[in-house]
Amino acid sequence: MTKDVLAGSGQGVKKGRTRYAGWIGTLARSPLYRGTIGLLAESRVARLAALLAVPLAWIAFFNIGPILQMANISLLANYPLMDGDEPVYTLSQYALFFQESLYFMPFLRSVVFSVAVTAATLIVVYPVAYYIGKVIRPASRNRALLLLLTPFWAGEIIRVFSVIMLLANRGAVNALLREFGIIDRPIPMLYTYFSLSFGVVYLIALYMLLPLYSSIEKIPNSLLDAASDLGAGPLQRFRRVILPLSRDGIVSGCSLVFLTTIGVFAAPLLLGGPNTVIFPEIIAQLFHGSNDKWPAGAAFSIIMLLISLTTVGLFVRVVGGRNVKLM
Amino acid sequence: MRLYMKNPQNVFLTGFYWAFVAYLFVPLMLMTAMSFKDSNFISFPIDSFTMKWYVQVVQDEQFLSAVGYSLMIAFIVTVVATAIGVWIALLASNEAIWGKALIFALACLPAVVPGMIQAISMRIFIRAIDVPTGTFAIILGHTVHAVPFVVIMAMTRLRSMPSNLVDAARDLGADNFIAFFRVTLPYLGPALVGGMIFCALTSIDDFVRTFFLGGYQTTLPMLIFAKISGGMSPEINAMATLVLIATGAIGLYAERRVRRSRN
């Protein structure tokens, strides 16, 4: 590729006017382009503005704007604003959240549920990540990983639906148990915390797998060998070498899984029941129907955002590794 | 070498890995198997097989229009998100810019805000800027969500790019734009194509943003969701299986491509 560029330019210099071929040449010769380039070459400010304008506008307008607008609405006493109305600000929506157990309890359930799911995912995925990163031959690691990644490209809804196939009253597990005569009546598994956590772990395991794998894979084998040579048993080796060295992966994986789980929406709609009402459903209800509930919905979203981000922030601080990446 | 030998805990880990593979694949396989069931109800066991659900699905107007609509949205989202994402990545990896860490962090904000809250904040936001729910709102929501992934992918690739490539182009007389289009962009190429496919797939798969931002026309996940909530027949299984095969194959291809470009 470098060669190509060099050859192209060299040729261009010889021929003088036809410096570039193809559409790039057409573009480079157009007056508009030449004018712009001339302007940019003259002024450092214009150069900076050209690089900065679109990204900064995008970030300010679409990444920060919606959150600010949500915060703004959460403080309004009179919403929707009619023409000529002066906005009146109040904290009553936030007070409502802490007074009303109808809102507060689902929130607590959501937090506890997310923590439990995060812990369960860590326990289930860690051995898998360790197996791919350390047990199998390096040559087959990519294949072992790709095999696990494939199901994740099926959408959220499709994977939730496939969990219904497994757990429904007339689903595969109950059919199998009845076939073997273990049960007469189907065990109700769907619409419970069991089906919900089963489905959510199914949806998010990937977010745990990738960070864990990349940190475990980086642990030098020589350290593991040294631990064994010095007399560490498998358990001690795990506790004193592998676990501390995979801390970065654990922290990023848990943070990602927690943030995703607390905002999970499709899974509780389809896999949850009346007993498993969690916070996102409560918020969603406030946005259906009339507009005057929006400030409450916005306030609850802000509370949820703040608490989930602080939880993750604290977690990273306390457990923290040196090189925690959320991506 | 000891690590690769068969010992009890490695046997256990091998078993655990395959159990996990089963956990991921069995539900999807059951779903696929059910799509061949010759009955109007979804229930196990399956005793007779048919292809009629597939015949019905490929003739289903609703399904075909949802596929078209989802693809159209995914295409626009991918193009816009790639352009903006690469632009932000160039900015955030420019040595001369002050505060690039902050810019990067803010650019990645939509990737860490829980999906539900992001959807709601967009719903509130489009009302404030007078955009109705519908196609444009969906595209906006999906694009905001997709940009961070392009930024991260492009920055990872840019970091490995020798800076003298651009310097050489500049010395040979290329201006900023030409250097970008003929040196930087081709270098980003392989990683970017993978990133673009991911953008398209996340847009096609997205449920929560479409749920809050969508209008009357349904996207693919919305259609499947509506069918699941409104009584089930194996037709949904056939539909979901077709989508599963298509997205799985494309995702696998993109994943392989990105991993190869990193090595």
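**Close-up views of a predicted two-chain model**

**View 1. A salt bridge joins the side chains of B:Glu235 and B:Lys227.** The N to O distance in this pair is 3.7 Å; a salt bridge here is a side-chain nitrogen of Lys or Arg within 4 Å of a carboxyl oxygen of Asp or Glu. Both B:Glu235 and B:Lys227 are buried (buried means under 20% relative accessible area, exposed over 50%, and partly exposed in between, with a 1.4 Å probe and protein chains only). Through salt bridges with shared partners, B:Asp60, B:Lys227 and B:Glu235 form one network. Over all chains, the whole structure has four salt bridges.

The model is predicted, and local features need pLDDT of at least 70, side-chain atom pairs count only at pLDDT 80 or more, while totals for chains, interfaces and linings use all residues. Residues are numbered from 1 along each chain as its sequence is written, chains are lettered from A and ligands numbered from 1 in the order in which they are written, and side-chain values use heavy atoms, with hydrogens and water left out.

**View 2. B:Arg209 and B:Asp206 meet in a salt bridge.** Their side chains are 2.6 Å apart, N to O. B:Arg209 is buried, with a relative accessible area of 6%, and B:Asp206 is buried at 8%.

**View 3. B:Thr210 lies in helix H10 (residues 208-213) of chain B.** Helices (H or I, at least four residues) and strands (E, at least two) are DSSP runs, numbered from the N terminus. B:Thr210 counts as buried because its relative accessibility is 3%. Apart from neighbours within four places in sequence, B:Thr210 is in contact (heavy atoms within 4.5 Å) with B:Ile138, B:His142, B:Thr219 and B:Met222.

**View 4. A:Glu217 and A:Arg141 form a salt bridge between distant parts of chain A.** The closest N and O atoms are 3.6 Å apart. A:Glu217 sits in helix H10 (residues 193-218) of chain A and A:Arg141 in helix H7 (residues 138-149) of chain A, 76 residues apart. A:Glu217 is partly exposed, with a relative accessible area of 33%, whereas A:Arg141 is buried at 9%.

**View 5. Chain A and chain B meet through 109 residues of chain A and 97 residues of chain B.** Together they bury about 9,300 Å², 79% of it on carbon and sulfur atoms; buried area is the accessible area (1.4 Å probe) that two parts lose on being put together, summed over both. A:Trp58, A:Trp153 and A:Phe161 supply 9% of the area that chain A buries against chain B, more than any other three residues. Helix H4 (residues 44-74) of chain A gives the most to the side of chain A that touches chain B, with 20 residues. There are zero salt bridges between chain A and chain B.

**View 6. Chain A is assigned domain 1 (22-74) and domain 2 (93-319).** The bounds come from an automatic or database domain assignment. The centres of domain 1 and domain 2 of chain A, taken over C-alpha atoms, are 39 Å apart. Five residues from domain 1 of chain A and nine residues from domain 2 of chain A take part in the contact. The area buried between these two domains of chain A is about 540 Å², and carbon and sulfur atoms give 80% of it. A:Met70, A:Ile73 and A:Ser74 supply 84% of the area that domain 1 of chain A buries against domain 2 of chain A, more than any other three residues.
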